[in-house]
Amino acid sequence: MGDNEHASSAQDPARNVDPAPRVAPRSPSEAIKPMVAPPPPPRESRRRRRGGLLSALSAFFTFIMIAVLAFGAAVYLGQRQFDAPGPLTEDKAVVVRGGGQTVAETLRREGVIDYPLLFVLGLYATGKNDELKAGEYLFKREASLREVMDLIASGRTLLHPITLPEGLTSEQIVARLMENDLLTGQIAEVPAEGTLLPETYKVARGTPRQVLIDRMKADHKRMVQEIWANRDPDLPLKSPEELIVLASIVEKETGMAEERPRVAAVFVNRLRKGMKLQSDPTIVYGLVGGKGTLGRGIRRSEINQATPYNTYVIPGLPPGPIANPGRDALQAAARPSNTNDLYFVADGSGGHAFSETLDQHNRNVRQWRRIEAERAPAGAAPEVDRVDPEDDGADGAKPVDEPQRQGAAGSRGPKIYDASEGTPKDPLRNKTFDLTSPKVVPDVSTLTE
């Protein structure tokens, strides 16, 4: 039987695998007794392990849900606050520069925003942290954080108007720009007379002065080209430069836009007839150049004083502009009125009386003298030694006898002119001209080279 058991064991290998380590029997009877299998683990332990895992998973998902809800609520409240009206009670201009945190602190200090941290978070959330542009911005009343952020990212800085009146000289324009604290930097050199366009320019705070000068030059060049292309075909002017010279004289002779074409016609008619222009502002330009204003009326001795610009002495146009004319004066010089006028004089209303003949002009002059006398204080003597048209130069009359000695209230006052040097032939720079003798007059051909 023992052999059979051995054979059976050899045929069934599974029976040779002991489920547990065998213990050597202590007696034959003990050897034939079956072994007892170990009891299964208690059911309560299995339940405890499954319950702990489920509890952990439940707590994790609960935390995630609460976090998502909290984040959503924070985003919702943040967006509402980001679009809510801001603290500004009125529009305010603020200069900002630097990174997001610096800008946020500047805005908080200026009362534009209440929550700088939320502003910075909004910059990163929208991807605009690197789009902020330094400058001066005008923030509207109750501007929201989003509106403030979008404005700075757009670069739409506050623009300030700088008005440069027509008829200023280049030196006067440079002086005004140097005094303006909105602008920065220096101006390389005073531009040539008549190369700037007087206008109202809108600039951002911190704009370099040279940038504005270059803009004025470019605008002037473009406008002159356009106006010259549309000039009257029979205009007695040879070049755009001569147009600017004539326009500068027109600009200085009248401040009334509606009169400029008729004033230009007087000078154009005189050029056609070969008459001297006899314009008072050209006398002043030759006397003081770009150093300032004359500050008084023109004296008798100065009318015949020879300078390259004095159109009472030289024939034709002066060698260069005497100011920077504006758009209206340039257009008037290019398309003057169709008249036969050769003279004009103040009429007492702020404008001028025009005439075709010397007799008519003399009557207009006498009328203006009466108006001057009525407005003058009792016993007042003339402030300057002026000559009447009948005593003027070779033409027997000067075309212009302006009311500029009249003060703002109509009283007799000093005649003020703006004047500036603009070319190397200005008498204050070129000492080859004899300015003391009316008999020594430079040849006009040498002045217009």
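Colleague: Before counting anything, what counts as a helix or a strand here?
Modeller: Helices are DSSP runs of H or I with at least four residues, strands are runs of E with at least two, and both are numbered from the N terminus. The model is a predicted one.

Colleague: Which residues have the most contacts inside the largest nonpolar core?
Modeller: They are I162, L177, L212, L237, L246, F267 and L317, in a core of 47 residues. At least two residues of this core come from each of α7, β4, α8, α9, α10 and α13.

Colleague: Take I162. What is I162 in contact with, leaving aside neighbours within four places in sequence?
Modeller: I162 is in contact with L177, N180, L182, L183, E199, T200, Y201, V203 and L212. Apart from that core, a second, separate one has 21 residues, including F82, V112, V120 and L132.

Colleague: Switching to helix packing. At what angle do α9 and α10 pack?
Modeller: The angle between α9 and α10 is about 125°, and their axes are 10 Å apart.

Colleague: What about α10 and α13, how do they pack?
Modeller: Helix α10 (residues 260-273) packs with helix α13 (residues 327-334) at about 45°, with axes 8 Å apart. The two helices are therefore oblique to each other. α10 passes α13 in a right-handed crossing.

Colleague: Which residues meet there?
Modeller: From α10, R260, P261 and A264 meet D328, A329, A332 and A333 of α13. By class, the contact of α10 with α13 has five nonpolar, no polar and two charged residues.

Colleague: One more pair. How far apart are the axes of α4 and α5?
Modeller: The axes of α4 (residues 100-109) and α5 (residues 116-126) are 9 Å apart, and the angle is about 140°. On the α4 side the contact is made by G100, Q101, V103, A104, L107 and R108, and on the α5 side by P116, F119, V120 and L123. That contact of α4 with α5 divides into seven nonpolar, two polar and one charged residues.

Colleague: On to loops. Is N338 buried or exposed?
Modeller: N338 is exposed, because its relative accessible area is 81% and the cut-off for exposed is over 50%. N338 is in the loop between α13 and β5 (343-346).

Colleague: And A306, buried or exposed?
Modeller: A306 is buried, with a relative accessible area of 1%. Its place is the loop between α12 (300-303) and α13. A306 and L287 are 19 residues apart in sequence, and their C-alpha atoms are 9.6 Å apart in space.

Colleague: Last topic, backbone angles. What is phi of Q278?
Modeller: Phi of Q278 is near 50°, a positive value in a residue other than glycine. Most residues other than glycine have a negative phi. Q278 is in the loop between α10 and α11 (280-288), and Q278 is buried, with a relative accessible area of 1%.

Colleague: What about E142?
Modeller: E142 also has a positive phi, near 60°. E142 lies in the loop between β2 (135-139) and α6, and E142 is partly exposed at 39% relative accessible area.

Colleague: Which residue takes a positive phi just after α6?
Modeller: That is G155, with a phi of about 80°. Within α6 itself, residues 145-154, the buried residues are L145, V148, M149, L151, I152 and A153.

Technical notes. Residues numbered from 1 in each chain as written. Predicted model: local features only at pLDDT ≥ 70, side-chain atom pairs only at ≥ 80, totals over all residues. Heavy atoms only, no water. Axes fitted to C-alpha atoms, helices over the stretch in contact; angles between N-to-C directions. Parallel < 35°, antiparallel > 145°, perpendicular 65-115°, else oblique. Left-handed = near helix turned anticlockwise from the far one by under 90°. Contact = heavy atoms within 4.5 Å. Nonpolar A, V, L, I, M, F, W, Y, C, P; charged D, E, K, R; others polar. Core = buried A, V, L, I, M, F, W, Y, C linked by side-chain atoms within 4.5 Å. Buried < 20%, exposed > 50% of the residue type's maximum accessible area, 1.4 Å probe, protein only.
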